[in-house]
Amino acid sequence: MRKALLAARRALPETTRAGWDAAIAQRLLDWCAQENIEELGVYWPLHGEPDLHGAYAQLAARGVQLSLPVVLEKHAPLAFSHWTPGEPMVKDGMGVAVPAQLRLRPVPATLLVPCLGFSVERYRLGYGGGYYDRTLAQTPRPRTLGIAYACLTAHFASGEYDIALDYVVTEGDLY
């Protein structure tokens, strides 16, 4: 299922993705304003994930403290580093962009969680590493906003360690 969802996402035309990314970004900005979000864990887009860099810049301009996830060790929860849009970045051992100068901080109160696929029950299908599941299993659990394209809604059984997201935002809906 992961391979099929990834192929479907990568096959989306650039113009379609750009329009959907803009719609998701606006929903994110509106939601953050409505919820008075002061700190937010964001993500660097991989493999055709929605690119929300424009929204990140607007959130930072509003004073929202942003953080990016960092993998410090395999089979462990994610760590987070303070991040400001435009600062120097490097690729980690997994090829993911992280701040060149890590400034580790506690898990933010609210996290954006990229979804390869998701169910209407708000369970997320990721790449299979379990990093977000281990992060969400910690106490206190951060509030979560999954980010996905609506066409990647999927039907799958949740596993023993799966944790439903609080919300999932797509270009058309908030679940």
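**View A. Tyr 132 lies in helix H4, which spans residues 131-136.** This is a predicted model, in which local features need pLDDT of at least 70, side-chain atom pairs count only at pLDDT 80 or more, and totals for chains, interfaces and linings use all residues. Residues are numbered from 1 along each chain as its sequence is written, and side-chain values use heavy atoms, with hydrogens and water left out. Helices (H or I, at least four residues) and strands (E, at least two) are DSSP runs numbered from the N terminus. Tyr 132 has a relative accessibility of 11% and therefore counts as buried (under 20% relative accessible area; exposed is over 50% and partly exposed in between, with a 1.4 Å probe and protein chains only). Apart from residues up to four places away in sequence, Tyr 132 touches Tyr 43, Pro 69, Leu 78, Leu 112, Val 113, Pro 114 and Arg 124 (contact: heavy atoms within 4.5 Å).

**View B. The charged end of Arg 134 sits over the ring of Tyr 131.** The distance from this charged end to the ring centre is 5.2 Å. The term requires NZ of Lys or CZ of Arg within 6 Å of the ring centre and within 35 degrees of the ring normal.

**View C. Ring pairs join Tyr 43, Trp 44, Tyr 56 and Trp 83 in a cluster.** Rings of Phe, Tyr and Trp (its six-membered ring) pair if their centres lie within 6.5 Å; planes under 30 degrees apart are stacked, over 60 edge-to-face, and the rest tilted. The model holds 6 aromatic pairs by this rule. One of them is the edge-to-face pair of Tyr 43 and Tyr 56, with 6.4 Å from centre to centre and 85° between the planes. This pair links distant parts of the chain, 13 residues apart: Tyr 43 is in the loop between strand S1 (39-41) and helix H3 (53-61), and Tyr 56 is in H3. Tyr 43 is buried at 2% relative accessibility, and Tyr 56 is buried with a relative accessible area of 1%. Tyr 56 also pairs with Trp 83; the ring centres are 5.8 Å apart and the planes are at 90°, so this pair is edge-to-face. Here too distant parts of the chain are linked, since Tyr 56 in helix H3 and Trp 83 in strand S3 (residues 79-83) are 27 residues apart. Trp 83 is buried, at a relative accessible area of 4%.

**View D. Helix H3 has the buried residues Ala 55, Tyr 56 and Leu 59.** Looking down the axis of H3, these buried residues fall within an arc of 105°, so they line one face of the helix. The arc is taken from the directions from the helix axis to the C-beta atoms. The packing partners of the buried residues of H3 are H2, S1, strand S2 (65-70), S3 and strand S7 (110-114). Just after H3, Gly 63 adopts a positive phi of about 95°.

**View E. Leu 40, Leu 52 and Leu 112 touch the most other members of the largest nonpolar core, which has 43 residues.** Helix H2 gives the most to this core, 6 residues. A nonpolar core is a set of buried Ala, Val, Leu, Ile, Met, Phe, Trp, Tyr and Cys residues joined through side-chain atoms within 4.5 Å. With neighbours within four places in sequence left aside, the contacts of Leu 40 include Cys 32, Leu 59, Val 64, Leu 66, Pro 108, Leu 111 and Leu 112.

**View F. Arg 17 and Glu 14 form a salt bridge, with 2.4 Å between the closest N and O atoms.** A salt bridge is a side-chain nitrogen of Lys or Arg within 4 Å of a carboxyl oxygen of Asp or Glu, and the count by this rule is 5. Arg 17 and Glu 14 are 3 residues apart in helix H2 (residues 14-34), so about one helical turn separates them. Arg 17 is buried, with a relative accessible area of 13%, whereas Glu 14 is exposed at 56% relative accessibility.

**View G. Glu 39 and Arg 105 meet in a salt bridge of 2.9 Å, N to O.** The two residues link distant parts of the chain, with Glu 39 in strand S1 and Arg 105 in strand S6 (residues 104-105), 66 residues apart. Glu 39 is partly exposed at a relative accessible area of 25%, and Arg 105 is buried at 14% relative accessibility.
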